Amino acid sequence: MVSRVLQRLSVPLVVSGLVALAGLSLGRVYNGPLLVQLVAGAALGSVLVSAGLRRLPGWVVAPVSVAALTAYALCAIMIAAYAGGVGGDLPTLTIDAVRNVVPRLLTALIPVEAQPDTVLGPVILAWLAGFAGAELAARARRSAVALVPPTLLYVGALVLVGPNADVVGWQPLAFAALAALGLVMGGATSTAPGLPGIGVRVRTTLRLRTATGFAVGLVAVLAVVAVVAPLIARAVDRAPIDPRRYVEPPRLDVPDQNPLIRISGWAANPDQLLFEVTVLRGADRPAQSAAAPAPDDAVDRGFYDTRLRLAVLSDWDGVTWHVDADYRNAGRVLPPVPAPPGLTSDATGVDGPSDTPPTLTIEERITVAELPGRLLPAVSAPSRVDGVRVAYDQATGTLLHAVPLGPGVTYTVTSVNPSVDVNLLPASDVPSGPTVARYLAVGDTVPADLSRLAEQISTGESSPYLRALALETFIAEHYRYAVDAPSGHAYPNLRFFLFDDPRAGGQQGTSEQFATAFATLGRLMGLPTRVVVGFRTPAGSGPITAADALAWPEVLFTGIGWVAFDPLPEADTPPRPLEDEFLPKPTPPSSPPTSVEPPDESTWSAPPPRTEAAVAPAGPGVGVVAGGVGGGLLTLLALFLVLVVLLRAVRRRSRLDRGSPPQRVLGAWDEILDTLALAGSAPPAYLAAAEVAAYAAEVADATPGRRHARRPRPAAPPLDDLAEKVNAVGFAGGTSGLPGGADEMTAHAAKAQAIEFARALRARRSWWRRLLWRVDPRPLRRRHRPPPTLASHSRRS
């Protein structure tokens with residue numbers, strides 16, 4: 001009994017194992033083992049539900065499985081929310097997870113945090129795959145087909161992982177071996193019970209042969225794989241496609257795309273409380289510029305930039321600096337910032353050379369007060385965020401909140417702050433090539449005086465670091481920091497800041513102008529630069545006000561990375577007047593102005609006097625007026641003819657196709673009368689229906705045919721039968737003996753007679769009368785009169 005139950009459960013258990021392997025493959029891009037555990041539980045639960053209810057009908061098992069899936073999914077949401085630190089009640093978490101299960105899974109940054117919206121989809125798919133495979137194996141006894149759902153789930157997991165995880169060779173081999181075992185077990189359970197009367201010895205022999213065949217087939221498959229796999233591996237030289245590249249990440253608001261425009265507003269309101277910082281670990285001293293003297297322990301500890309970064313602006317088009325970041329939904333654990341161009345190891349020093357300066361781990365708790373937008377401040381290279389859901393740009397290490405910030409938003413961010421060995425800067429070079437082209441772009445049109453100024457400042461400097469240092473010194477010594485300076489950093493704003501008269505507001509600005517002037521001139525010198533917007537941080541915990549906001553430039557050096565510079569002047573230090581050699585030179589005229597000789601009075605004659613006709617405004621000519629009037633009249637005539645055609649068509653349709661059969665018979669008779677009127681032979685009103693029929697026959701015979709007609713003219717049908725039908729309708733059930741004197745067949749016959757009679761009479765007209773036949777308005781003016789019956793006619797006689 002136990003062995004039979006195990007035989008029946010063998011294939012469903014194999015299906016459960018395959019689904020768990022699919023979850024294990026997907027778990028390579030998740031942070032922690034929680035997803036693998038939840039998927040394995042879903043695989044086992046779905047199989048147990050199917051196996052436990054195998055004696056019940058399928059239409060009963062399916063709703064029970066759906067109910068069990070719902071309960072398990074709710075438990076998974078609660079477990080993931082607790083493990084991921086996501087707050088909220090169960091209904092809110094469930095609605096948010098269902099709404100965002102697909103977009104957040106496809107936009108999540110690797111490693112994916114196991115949170116409600118990132119585990120719900122894999123759990124549901126795992127349950128459905130396990131249930132479908134178990135039902136096909138246990139109820140339909142289709143072992144091979146039962147392996148299709150978990151196989152599709154495994155392929156989907158591989159596609160979702162893409163190139164974002166290392167290759168694990170044992171997982172696909174284990175999947176193939178387990179699938180082969182399921183096929184063998186399914187064959188054994190389906191063949192053995194189906195052969196009654198077979199002894200134990202024969203059954204054992206059959207099983208031994210089956211196992212031998214399976215072993216031989218498995219060896220053959222493995223041999224083929226061993227031979228073909230290296231050939232395929234050499235043929236495939238591309239990384240798998242990442243489906244996340246086709247999903248659009250969250251978009252930034254306009255102020256978040258260029259936070260530089262907020263600098264002037266913050267400078268004008270220095271007391272505005274933006275947020276508060278509590279240092280939990282590290283950051284025991286404020287940041288310095290790379291140009292500042294190194295401390296005594298710089299060789300051991302390096303230089304750390306512990307300022308809070310809000311945004312990194314790398315793209316400059318001559319008009320504005322803006323953020324071109326790829327923000328992806330992230331969990332609590334963030335991937336490290338990749339190495340910038342020219343640096344072989346990552347910016348944190350991990351896996352770098354042995355002489356790489358160490359890193360400084362900084363942990364801070366930040367509480368937002370009046371900081372606008374969605375960007376979250378953090379020290380460079382954040383590695384973990386707790387308390388809020390964030391999107392993360394791995395290239396710049398900046399954070400984006402899921403919704404606009406509001407007072408009270410609190411989060412804890414841990415950063416692995418990279419250090420810079422300032423002793424290596426004087427001998428360092430800058431990288432070049434396509435990878436740094438974006439950091440050297442200066443727009444389409446560069447003012448010549450800015451290029452000249454950059455060349456003058458860098459003249460005589462032998463290394464990139466010395467050029468950057470000379471530029472920092474020049475800007476700090478010649479320009480004044482002013483909190484009331486207007487915002488702007490396009491080329492016209494930079495020219496005003498660099499060259500205009502201080503009495504007119506030039507040569508002074510906020511950190512926006514200082515940082516962008518350094519970055520722009522640095523690019524004109526050949527230095528890869530970018531601009532960072534952030535905040536000064538106190539030595540310990542404390543509030544951050546608008547006065548602490550600033551922008552600073554950074555330069556990329558080979559083998560070192562990004563190095564911050566500070567072109568702001570020292571406090572209470574008056575600027576040095578800008579020397580004349582740096583001012584723009586006036587552009588000399590291309591040729592000396594030529595003198596204009598006065599005309600010779602002997603050859604000069606006065607112009608003719610202006611007449612009234614010459615100065616009168618010219619109006620439209622007679623031809624234009626006549627053409628306009630004529631065109632308007634033709635337009636009105638065309639509209640009138642179109643209206644006549646439409647009205648006649650509507651009347652004809654209402655007569656012949658609408659109403660009761662007696663009404664349609666009378667409508668056909670009205671069409672006959674209209675046809676006679678169009679032919680110019682309208683019958684007298686006193687004629688009875690039979691007399692009108694005779695009159696119409698005379699008109700048809702008397703109407704001449706067309707000369708030189710290529711086709712014979714159609715004969716006009718006799719109208720005696722139609723006249724009788726009209727009389728029958730008039731007598732309300734007369735000679736026909738029908739209610740109302742007509743039925744459907746009678747109405748159709750009357751319609752056909754009216755159409756044929758009109759076609760015959762029109763064919764007998766001349767070409768121009770046939771042309772005017774359909775636009776003649778006379779039928780619209782004719783009043784409808786009931787045809788006189790024979791009785792009424794005899795009474796009048």
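The model is predicted, so local features need pLDDT of at least 70 and side-chain atom pairs count only at pLDDT 80 or more, while totals for chains, interfaces and linings use all residues. Residues are numbered from 1 along each chain as its sequence is written, and side-chain values use heavy atoms, with hydrogens and water left out. The protein chain holds 25 helices and 22 strands, where helices (H or I, at least four residues) and strands (E, at least two) are DSSP runs numbered from the N terminus. Of its 797 residues, 42% are buried, a term that stands for under 20% relative accessible area, with exposed meaning over 50% and partly exposed in between (1.4 Å probe, protein chains only).

**Overall contacts**

- Among contacts (heavy atoms within 4.5 Å) in the protein chain between residues at least 6 apart in sequence, 78% join residues at least 24 apart.

**Helix α13 and what covers it**

- Helix α13 spans residues 448-458, and its buried residues are Asp449, Leu450, Leu453, Ala454, Ile457 and Ser458.
- The exposed residues Ala448 and Glu455 are carried on the face of α13 turned away from its buried side.
- The cover over the buried residues of α13 includes α14 (464-478), α15 (491-499) and α16 (511-524).
- Gly460, which comes just after α13, takes a positive phi of about 90°.

**Packing of α14 on α16**

- The axes of α14 and α16 are 10 Å apart and the two helices pack at an angle of about 145°, where axes are lines fitted to C-alpha atoms, for helices over the stretch in contact, and angles run from 0 to 180 degrees between N-to-C directions.
- On the α14 side the contact is made by Ala468, Leu471, Glu472 and Ile475, which meet Phe514, Ala517, Phe518, Leu521 and Gly522 in α16.
- By class, the contact of α14 with α16 has seven nonpolar, one polar and one charged residues, with Ala, Val, Leu, Ile, Met, Phe, Trp, Tyr, Cys and Pro counted as nonpolar, Asp, Glu, Lys and Arg as charged, and the others, Gly among them, as polar.

**Salt bridges**

- The count comes to 17 salt bridges, each being a side-chain nitrogen of Lys or Arg within 4 Å of a carboxyl oxygen of Asp or Glu.
- Arg309 and Glu554 meet through their side chains in a salt bridge of 2.3 Å, N to O; Arg309 lies in strand β5 (residues 308-313) and Glu554 in strand β21 (residues 549-557), so the pair ties together parts that are 245 residues apart in sequence.
- In that pair Arg309 counts as buried at 9% relative accessibility, and Glu554 counts as buried at 1%.
- Asp449, one of the buried residues of α13, forms a salt bridge with Arg495, and the closest N and O atoms are 2.5 Å apart.
- This pair links distant parts of the chain, with Arg495 in helix α15 and Asp449 in helix α13, 46 residues apart; Asp449 has 12% relative accessibility, whereas Arg495 is partly exposed at 31%.
- Lys751 and Asp657 form a salt bridge of 2.7 Å, N to O, and since Lys751 lies in helix α22 (residues 744-763) and Asp657 in helix α18 (residues 622-657), the pair ties together parts that are 94 residues apart in sequence.
- Lys751 is partly exposed, with a relative accessible area of 25%, and Asp657 also counts as partly exposed, at 37%.
- Arg652, Arg655, Glu671 and Asp674 are linked in a network of salt bridges.

- Ala381 has a phi near 65°, a positive value in a residue other than glycine, and is placed in the loop between β11 (378-379) and β12 (382-386), where Ala381 is buried at 7% relative accessible area.
- Gln507 has a phi near 60°, a positive value in a residue other than glycine; its place is in the loop between α15 and β18 (508-509), and Gln507 counts as buried at 10% relative accessibility.
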